[in-house]
Each structure stands twice: as C-alpha cells, then as structure tokens.
Amino acid sequence: MTEMTTAIKAAKLKMQLQCPLPTLDFEVITLGHGSGGLLTNKLLDSGVFDLLRNDWLDQRHDGAVLHLAGPVAFTTDSFVIHPVFFPGGNIGELAVNGTVNDLAMCGAIPAYLSLSFILEEGLPMQEFWDILVAIKFAAEQAGVQIVTGDTKVVERGKGDKIFINTTGIGHLHPQAQISAKRIQVGDKIIVSNYLATHGIAIMSVREGLEFESGIESDTVNLNHTVEALLDDFGAAIHLLRDPTRGGLATVLNEIARDIRQGVHLDQEALPVDESVAGACELLGLDPLYVANEGVFVAVVSSDQAEAFTTTLRTLPHGEQAAVVGEVVADHPGKVVIRSAIGGRRIVNMLVGDQLPRIC
Amino acid sequence: MKYINEYRDPQLVQQYLAELHRITTRPWTIMEVCGGQTHSLVKHGILRLLPELITMVHGPGCPVCVTPLNLIDKAVHLALDKGVILCSFGDMLRVPGSKMSLLEAKARGADVRILYSPLEAVKLAEQNPTREVVFFAVGFETTAPANALSVLHAQHAGLTNYSILASHVLVPPAIAAVMSDDDVRIQGFLAAGHVCTIMGMHEYQPLVDDLKIPIVVTGFEPVDLLQGILMTVRQLEAGRYELENQYSRVVHPDGNPHAIAVIREVFTTTDREWRGIGNIPGSGYEVKEALARFDANRKFAVNIPSARESEECIAGLVLKGIKKPHECPQFGKKCTPQNPLGAPMVSSEGACAAYYHFSQTLEELTSK
C-alpha cells in the first residue's frame with residue numbers, strides 16, 4: 001500500500017470516529033421519510049443531514065443559486081452498485097468521486113454537486129449514516145460543495161438499499177483544451193494507475209463468487225492530480241477519460257472509433273497489481289474489460305508524454321502511471337494489442353457483462 | 001505471477017517458434033481439443049506466429065458450445081416456470097436457447113444465480129429449505145468431480161431440495177467421432193490438459209493405436225501450447241504416432257484417483273447429444289439410478305421438445321474443424337456475440353467468439 005492511500009484511510013477513519021450517528025427515535029428508513037411531509041422534515045431535522053451543512057443547504061430552498069463565470073463543465077451520473085458496501089469503500093464516496101472525476105476528465109475544476117437519494121424502505125439508519133459520512137469525506141477530499149439534494153423512498157423490494165444520483169458543475173481549467181479532435185497519430189496513451197482493482201474488489205464480495213483477497217477498491221477523487229497536470233502540461237493533454245464500466249478496452253475502442261485512427265496497446269506495459277492479475281486469471285476475466293475507479297487514461301502529445309508520465313508518478317494516485325500505447329494510422333477504428341510474446345490481436349468493445357468461465 | 005509468467009516467457013516462446021520453423025517441412029493439420037487452448041492461441045496471437053505449413057483447427061472442447069439447445073430450454077423452463085433457484089456457471093447464461101437465454105429468463109423474473117462452485121449451490125439449498133435448487137452441471141470431465149461431490153454433499157446433508165441438471169460430455173469419444181467424418185483431415189491432436197489432470201492418459205492410448213495419430217496432452221499457456229505443437233510436429237515429421245505428455249507438471253498418467261472415484265460413485269456413462277455434432281454414443285455422464293432424486297432430469301420430468309438449430313449456422317463443421325469460423329458466410333455479419341446464431345459465438349472459449357473477439361480482421365492484420 002502506498003503512503004498516500006494509508007493517509008487517506010487514516011483520515012477516513014478519523015472522520016468516521018468523529019461522526020457518530022445521532023440519537024434517533026427510528027432505526028430504519030420508512031416510506032414516510034420520502035413523503036415530503038412530517039417524517040421527511042423529521043429526517044432532515046434529525047441531525048442526519050447536518051453532516052453536509054453549508055450556506056446553500058441551510059437555506060432549505062428548492063434549489064441553489066450559484067455565481068458562475070466563464071466556461072463550465074456539467075455532468076451527471078447515477079450509482080446503483082451492489083453490494084453497497086465493498087472492500088475499500090461504499091456507494092457514498094463512489095457517488096461523489098464518480099461525478100468529480102467526470103468533471104476532471106473534461107478539464108474542469110469541480111465546484112458544486114447535487115445529491116439525490118432513492119432509498120429503499122427498511123434501509124438501516126446506521127448504513128445510511130455510514131454512506132453520508134463517506135459522502136462528506138469524499139466531498140471534502142475533492143473540495144466540492146454539495147449545494148442541493150433530494151430524498152425519495154421506494155417500497156421494500158423495489159430498490160437495492162440505496163441509489164444515488166449526483167450532478168456536478170466545475171469551472172474549466174484555463175489551460176485545458178480537452179477534445180478528441182485534437183488527438184494526432186503518434187500521441188501516447190497513458191494509464192494513471194493500476195487497472196481493474198475496483199472491479200475485482202467488488203467481484204470478490206458478490207454473492208456466490210466470494211473469494212478471500214486483500215484487494216480493495218481504489219475509488220478516489222482525481223481532480224487535484226488532474227489539475228496539477230493541466231497546470232504543467234495544458235494543451236499537450238489532448239484527451240482525458242476515466243475507464244469505469246467496460247474498462248480500458250471500451251474507452252480505447254470509443255476513442256479509436258471517434259477519431260477514425262487505430263490504437264496500439266502494449267500488453268507488457270499495462271499496470272495491473274499482482275493480486276488483481278491473479279484474481280483475473282482465476283476468474284477467467286480480462287483486466288482490460290474490468291471496471292476501474294481512481295484511474296484515468298490520458299492521450300498526450302508524444303513530445304510531452306514522458307515528462308507527463310514522470311510528473312504523474314510523483315502525484316497522488318499516479319504512482320503506477322505508464323505509457324501503455326499510442327495512436328497509429330494503421331487499422332483505423334480498431335484497438336490492437338501486442339501480447340507479451342509478440343503476437344497481435346484485436347481488442348474489441350465489451351459485449352454485455354464479463355461472465356466468469358466454466359473451467 | 002508465479003507459475004504463470006514462466007509459461008509466457010517471450011524468450012522461450014521465440015525458441016520454440018524457431019525450432020518449429022526449423023523442423024517443419026510439410027503441411028500438418030493439428031486439432032487442439034479444448035476451448036481453453038483455442039482461447040489462449042488467439043488471445044496471445046500465437047496462430048499468426050506459427051509456420052504457415054501448420055494449420056490449427058479448433059475442436060469441440062467448449063462445454064458451453066456443445067450443450068444441446070434442448071437442455072438450455074429445460075434450464076430456462078425450470079427457472080421460469082417451475083420457480084426453482086437455477087444455479088449456473090457464468091458463461092452458460094448468455095447461450096441462446098430456442099426461445100431465450102438464461103439471462104433473458106432472469107430479466108423476466110427467474111431466480112438465476114451465477115456460481116463458481118456447485119458446493120455453493122448445496123449451501124443455497126440448505127439456506128432455502130422451501131425452494132428447489134438446481135445446479136446446471138455442464139462441462140467436460142474437468143468439472144465432473146466437483147458436480148458429483150455436490151450430489152454427495154447434498155446426500156450427506158439429507159437435502160431433498162437439491163438436484164443437478166447434468167450435461168457432462170467426454171473427450172475421448174468426441175475425438176473418435178470427429179475422426180469418423182470422411183471430410184476431416186486432422187493429423188494430430190493436442191489433448192486437453194485439465195481433462196487429463198482428472199482422468200489421466202490411459203484412455204487415449206487406444207485412440208492413438210486405432211487412428212494412428214499422435215496425441216499430446218497439452219497445457220494452456222503459450223509455452224505449453226508451442227511445446228505441445230512442437231512435440232506433435234516432431235512425431236508427424238518422423239512418421240511416429242504416440243501418446244505423449246507435455247503437461248507433466250500437472251498431469252499424472254493415472255489422473256486423480258480420488259476425483260475419478262467420486263465421478264464413478266455418482267455418474268454413469270450415457271449417450272449424449274452434442275450441439276452441432278449430433279449424438280455420440282457413450283460420450284456423456286448422467287446421474288446413477290440410485291441417486292435419481294438428485295437428478296433434475298428425472299425429478300422434474302420436463303418434456304421439452306427438441307428445438308431446431310438455425311439453418312445458417314455451420315457450428316457442426318466448425319466444431320469438427322472442417323471449416324474455420326471466418327469461413328462461415330454469417331460470421332461477423334448476421335452472427336455476432338451480441339446476436340449469436342449458434343453457441344460457438346457465445347462462449348469466450350467458442351471458436352467463433354474467439355475469432356470474433358481477437359482476430360476478426362485476421363487478413364487485414366497479417367497483411368501489414
């Protein structure tokens with residue numbers, strides 16, 4: 001484990017200890033908590049949402065008034081992960097980090113988030129609280145304000161404990177010129193950290209597939225790291241993407257298709273943690289298709305790629321950064337990987353979910 | 001990764017390739033039996049590194065691909081209409097039945113669970129005493145011991161709500177069946193290493209003697225496969241036909257006696273329908289009469305009519321190695337992993353899907 005993740009873990013634990021669940025006269029979420037009436041107000045007044053307090057939320061208005069100047073990036077994402085609690089985190093920090101990172105991928109500095117819950121009747125308050133603490137922690141780490149929100153409750157059996165939607169707004173970094181149109185043949189493809197860690201961490205606790213591993217999700221906000229890179233390399237960064245669902249293979253296929261050029265990958269250069277690689281072998285999964293969090297892909301002009309990677313390795317969450325391939329004029333629209341033994345094959349987009357093999 | 005990286009060593013691979021190029025003087029056609037080997041050959045790009053004189057054909061060793069349509073329909077019926085908890089290995093879920101796949105049945109409300117081990121299904125049966133739990137016991141000899149063990153565990157636990165829908169298939173009769181086709185031009189076989197880990201090597205000697213072809217028990221990593229191909233080509237070039245073991249670090253000639261004993265306790269040999277190939281006598285396992293209460297086929301007495309395969313699918317020719325996947329007129333057109341006409345396009349180990357995923361523009365790439 002790196003020093004940075006140790007520090008983050010310590011800070012998270014400290015916050016959890018400092019934020020015990022307030023004393024409540026109810027133990028689970030009931031339908032009434034989403035009615036908009038008395039019970040909703042009781043939930044709002046219970047101290048539960050005091051965790052996220054700021055000037056905007058204190059107004060208890062229908063929406064937030066923001067003062068924005070210059071170009072802004074705007075994004076939304078919904079989170080429906082199962083299980084809600086997984087090694088290394090929970091749906092709360094995922095919901096903040098996911099939207100923060102989407103903004104960062106646009107070259108923006110995330111500023112404001114909305115936060116909407118769809119809760120399933122019967123959700124234990126302690127679990128909801130743990131999720132809120134994780135949200136608070138992730139928002140503080142990213143330096144974003146949660147300015148508006150909503151809570152609805154659905155009947156038991158009609159949800160999966162909790163669904164979260166977050167929408168985010170960020171100011172564009174003055175040096176950012178992120179656009180697939182700027183990608184050129186020869187540009188290098190850089191992966192910021194170990195691949196496939198999050199997907200394997202989730203899979204290790206899925207019902208029926210449980211296996212013992214020390215693998216933890218690497219969900220984290222990437223905005224500070226991206227901001228530092230934009231400060232130093234600005235226009236040399238042609239594209240940023242976070243390869244979440246569908247993994248690296250899917251993102252690179254989308255890029256190849258959009259720019260009508262080929263993408264060449266080098267199998268040996270792909271950073272995959274030893275234990276994650278082992279789990280992938282065991283489950284018959286290809287790390288290229290496994291979901292990531294806390295990882296981004298950068299397409300950088302070839303003359304700056306080496307300096308970019310060296311800098312990234314010194315930044316938080318970039319320790320394992322590596323140049324893994326390049327944009328080529330050959331095989332337009334296709335991603336081709338050179339295997340460790342020198343063979344070449346096409347890497348297609350993921351079809352459906354990756355399903356574990358029989359033998 | 002220890003014990004894996006050694007078998008993906010680029011230098012060793014180059015040495016084996018150089019030796020193969022040096023000794024190959026005539027065209028040879030070799031079939032790798034197992035889908036795992038096919039997957040590895042294409043995934044690592046090995047097919048394009050072999051001497052042009054060597055043609056690999058991809059055998060019927062993908063259990064998902066050869067499971068008859070009728071049995072998938074049966075599993076769907078049990079899950080959807082009989083309300084059982086239907087447990088399966090992951091890659092069976094997407095295989096299209098005549099009406100739908102298990103994945104679609106799940107979307108329509110069936111309780112379908114993906115498991116890694118049949119023993120998990122036994123646990124589910126214990127936890128859900130009021131519900132029937134059926135494990136879709138598909139696979140070659142490799143998965144048979146674990147599936148058999150699940151029956152013995154259920155028996156030991158006194159469970160009455162656990163059964164398996166068995167569709168086990170066996171490699172040696174399949175080799176004999178493939179070779180009985182007059183159009184087949186296969187001159188040597190790579191036998192499936194994992195199957196032989198369980199069953200040993202002895203049942204392959206009669207095939208070597210009768211068919212007068214070399215059979216080399218082979219593993220799954222690049223170095224394994226190249227060594228297995230090299231051993232086969234050496235025999236062919238020298239006019240020999242013998243049973244050899246490339247995968248000796250794992251395969252004992254006698255196999256795993258404990259696993260074999262468990263198989264014998266639960267299963268008996270039966271004729272089996274192979275999707276795309278047809279009926280092969282003595283090519284499958286079914287649950288023994290004495291354990292009939294753990295056999296979903298008997299327990300639920302479901303009568304599902306045989307369904308017709310797509311007439312455009314040439315899976316049979318592909319599974320026998322007569323045609324290559326991309327020689328099918330529908331390959332990559334009407335038939336894709338998103339919309340498969342036949343099973344070899346579904347499983348990642350199916351020859352068609354392997355070609356589609358990893359080498360669909362084979363010609364385009366090799367010409368570069």
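Author: Gly143(A) follows helix α5(A) and has a positive phi, near 75 degrees. The model is predicted, so local features need pLDDT of at least 70 and side-chain atom pairs count only at pLDDT 80 or more, while totals for chains, interfaces and linings use all residues. Residues are numbered from 1 along each chain as its sequence is written, and side-chain values use heavy atoms, without hydrogens and water.

Reader: Why is α5(A) called largely enclosed?

Author: Buried means under 20% relative accessible area (1.4 Å probe, protein chains only), exposed over 50%, and partly exposed in between. Of the 18 residues of α5(A), 13 are buried, so the rest of the structure largely encloses this helix.

Reader: Why does Thr167(A) count as buried?

Author: Thr167(A) has 17% relative accessibility, and therefore counts as buried.

Reader: What makes the pair Thr167(A) and Asn165(A) a polar contact?

Author: A polar contact is a pair of N or O atoms within 3.5 Å; within protein, one must be able to donate a hydrogen and the other to accept it, and residues adjacent in sequence count only if both atoms are side-chain atoms. The side chains of Thr167(A) and Asn165(A) make such a contact at 3.5 Å.

Reader: Which residues beyond four places in sequence does Thr167(A) contact?

Author: Contact means heavy atoms within 4.5 Å. Among them are Phe74(A), Thr99(A) and Tyr112(A).

Conventions: Chains are lettered from A and ligands numbered from 1 in the order in which they are written. Helices (H or I, at least four residues) and strands (E, at least two) are DSSP runs, numbered from the N terminus.
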